[in-house]
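The stops below are given in the order in which to select them.

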Amino acid sequence: MTIYAIAAIAILVSIALALTRAIIGPTSYDRILSVNAIGTKTVLLIGVMGFLGGRPDFLDLALVYALVNFIGTLAVLKYFKFGTLRGTLSKPRDNT
């Protein structure tokens, strides 16, 4: 059990490092990447904490959180690139 507690502490340290990168990051894409890394490490932390607590249903929560993290990252990247979340990613066709 102690190896999983050490793993949880290591994940928390890496989350803290990613958080400092999100604060210091010179560009918005660095910040988005570090927030995505924090979300991924949170999924790992939820899995480890579920194992430590004897709650295997935490893995379901971790999968849902991973999906929300992925879709949220795509939405933020689309907003930064196009300035809106409406419409499609491709240019409209000219039907003339």
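This is a predicted model: local features need pLDDT of at least 70, side-chain atom pairs count only at pLDDT 80 or more; totals for chains, interfaces and linings use all residues.

Residues are numbered from 1 along each chain as its sequence is written, and side-chain values use heavy atoms, with hydrogens and water left out.

**Core.** Select Ala 8, Ile 11, Ile 15, Ala 18, Ile 38, Leu 45 and Val 48, the 7 residues of the largest nonpolar core. Such a core is a set of buried Ala, Val, Leu, Ile, Met, Phe, Trp, Tyr and Cys residues joined through side-chain atoms within 4.5 Å. Buried means under 20% relative accessible area, exposed over 50%, and partly exposed in between (1.4 Å probe, protein chains only). Helices α1 (2–24) and α2 (28–52) each supply at least two of the core residues, and α1 gives the most, with 4. Helices here are DSSP runs (H or I, at least four residues), numbered from the N terminus.

Next, centre on Leu 45. Leaving aside neighbours within four places in sequence, Leu 45 is in contact (heavy atoms within 4.5 Å) with Ala 8, Ile 11, Leu 12 and Ile 15.

**Salt bridges.** How many salt bridges does a search of the whole structure find? There are 2, each defined by a side-chain nitrogen of Lys or Arg within 4 Å of a carboxyl oxygen of Asp or Glu. Select Arg 21 and Asp 30, whose side chains meet at 3.7 Å, N to O. Arg 21 is partly exposed at 41%, and Asp 30 is also partly exposed, at 24%. Then select Arg 55 and Asp 57, where the closest N and O atoms of the salt bridge are 3.5 Å apart.

**Helix α3.** Move to Thr 73, in helix α3 (residues 58–82). Is Thr 73 buried or exposed? Thr 73 has a relative accessible area of 15% and is therefore buried. The Thr 73 side chain reaches the backbone oxygen of Asn 69 at 2.8 Å. Beyond neighbours within four places in sequence, Thr 73 is in contact with Ile 32 and Asn 36.

Leu 59 is also in α3; the C-alpha atoms of Leu 59 and Ile 46 are separated by 7.3 Å, with the two residues 13 apart along the chain.

Finish at Tyr 79, in α3, which is partly exposed at 47% relative accessibility.

Notes:
A polar contact is a pair of N or O atoms within 3.5 Å; within protein, one must be able to donate a hydrogen and the other to accept it, and residues adjacent in sequence count only if both atoms are side-chain atoms.
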